[in-house]
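Here's a quick tour of some aromatic contacts. Have the structure open while you read.

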Amino acid sequence: MSFVEVRNIFQSYGSRPILERVNLDVAKGDFISIVGASGCGKSTFLRLLLAQEVPTRGTIRIDGNDPAVEPGRERGVVFQRYSVFPHMSVRENIVAGESFHRCWGRFYGAGKKQALDRADETLNRIGLAHVADAYPATLSGGMQQRLAIGQALVARPRILLLDEPFGALDPGTRLAMHDFLMELRAQTRMTVFMVTHDLEEGFKLGDRVLVFDKTRWDADYPDNYGATITYDFDARNGGIPFQDIMEEHNVLLSA
Ligand SMILES: Nc1ncnc2c1ncn2[C@@H]1O[C@H](COP(=O)(O)OP(=O)(O)OP(=O)(O)O)[C@@H](O)[C@H]1O
Ligand SMILES: [Mg+2]
C-alpha cells in the first residue's frame with residue numbers, strides 16, 4: 001500500500017469534466033511536482049487531496065484512510081496568494097496558524113506562553129525571528145511567502161501542498177526559497193505536492209514530475225473531456241536535462 005493512493009478519480013463541475021481517470025501512487029517522503037496548461041485542473045487536484053472537495057468518482061486514500069475533512073496535522077497548504085493575516089504581527093500569524101490547524105481557538109495563559117515560544121522556534125527556523133513583531137505588509141514577497149510556509153508547517157503536516165508557491169517572487173528570492181524548502185524537507189521528510197508553471201523548478205525540486213493534460217480533444221466541444229496524468233517523469237532520470245526529456249516526449253504546456 002502506498003502512502004497516497006489515487007484511484008480512478010473523475011471530477012466534474014456540473015456537466016463539465018475537469019479530471020478523468022487520474023491514478024497515482026506516492027511513497028512517503030516523495031516530492032511530487034505537477035505541471036500542466038492553465039485551467040487543466042491542477043488546483044482542483046490539490047483541493048481533492050485536501051478533501052476540500054469530494055471527487056465525482058474514484059477514491060483517494062492517505063495512509064490507508066479517507067483524507068480527513070479537517071486537514072489538522074495531516075496536511076498543510078500554501079497558495080500562491082499569501083495566506084497570512086495582514087492585521088497580525090509575524091509572530092501572531094504563526095500562533096494563529098497553529099491554533100487554526102488544530103482547531104483550538106485562541107490560546108490563553110500558560111498555553112499562550114508556550115505557543116509564543118513555539119512560534120519563536122519556527123521563526124528562527126524560517127529566518128524571520130528578527131521581524132517577529134512586524135506586520136506582513138512591511139515584509140518582502142519572499143519573507144511573506146516564508147511566513148506562509150511557516151504557518152503551514154507549525155502543525156507539522158505530513159503532507160505539504162503547494163500551489164504555485166513561488167510564482168510571484170523575483171528570480172533571486174525564488175532560488176533562496178528553493179533552498180529553504182529543500183532544507184525543511186530534509187529535516188521533516190514531509191511528502192510534498194507542488195504545482196508549478198516553471199518546468200525547471202519542477203524538475204529541480206521534485207523527485208517526480210507529473211504532467212496533467214487532455215488525451216482526448218474535440219475541437220467543436222473543447223470542454224467535453226477532462227485532463228489526466230499523461231506523463232510521470234523521474235526527475236533525476238540519470239541527469240538528463242529536463243529540456244531534452246520534454247522535447248523527446250513532445251510535451252507542450254500551452255498557457
Ligand atoms: N468550484 C468550481 N466550480 C466550477 N468550475 C470550477 C470550479 N473550480 C474550478 N473550476 C474550473 O475547473 C477548471 C480547472 O481549474 P483549476 O483551477 O483546477 O485549474 P489549474 O490547472 O489550477 O489552472 P491554473 O494553472 O490557471 O491555476 C477551470 O476551468 C475552472 O474554471
Ligand atoms: Mg491553479
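This is a predicted model: local features need pLDDT of at least 70, side-chain atom pairs count only at pLDDT 80 or more; totals for chains, interfaces and linings use all residues.

F233, by contrast, is buried at 7%.

The ring centres of Y231 and F233 are 5.2 Å apart with planes at 5 degrees, so this pair is stacked. Rings of Phe, Tyr and Trp (its six-membered ring) pair when their centres lie within 6.5 Å; under 30 degrees between planes is stacked, over 60 is edge-to-face, and the rest is tilted.

## Across the chain

There are three aromatic pairs in the structure. In one of them, F203 and F233 have ring centres 6.1 Å apart and planes at 40 degrees, so they're tilted. That pair links distant parts of the chain, 30 residues apart: F203 sits in helix α6 (residues 199-205) and F233 in strand β9 (residues 227-234). Helices (H or I, at least four residues) and strands (E, at least two) are DSSP runs, numbered from the N terminus.

F203 is buried too, at 5% relative accessibility. Ring pairs tie F203, Y231 and F233 into a cluster.

## Ground rules

Residues count from 1 along each chain as its sequence is written, while chains are lettered from A and ligands numbered from 1 in the order written. Local features need pLDDT of at least 70, side-chain atom pairs need 80 or more, and totals for chains, interfaces and linings use all residues, with side-chain values taken from heavy atoms, leaving out hydrogens and water.

Terms used. Buried means under 20% relative accessible area, exposed over 50%, partly exposed in between (1.4 Å probe, protein chains only).
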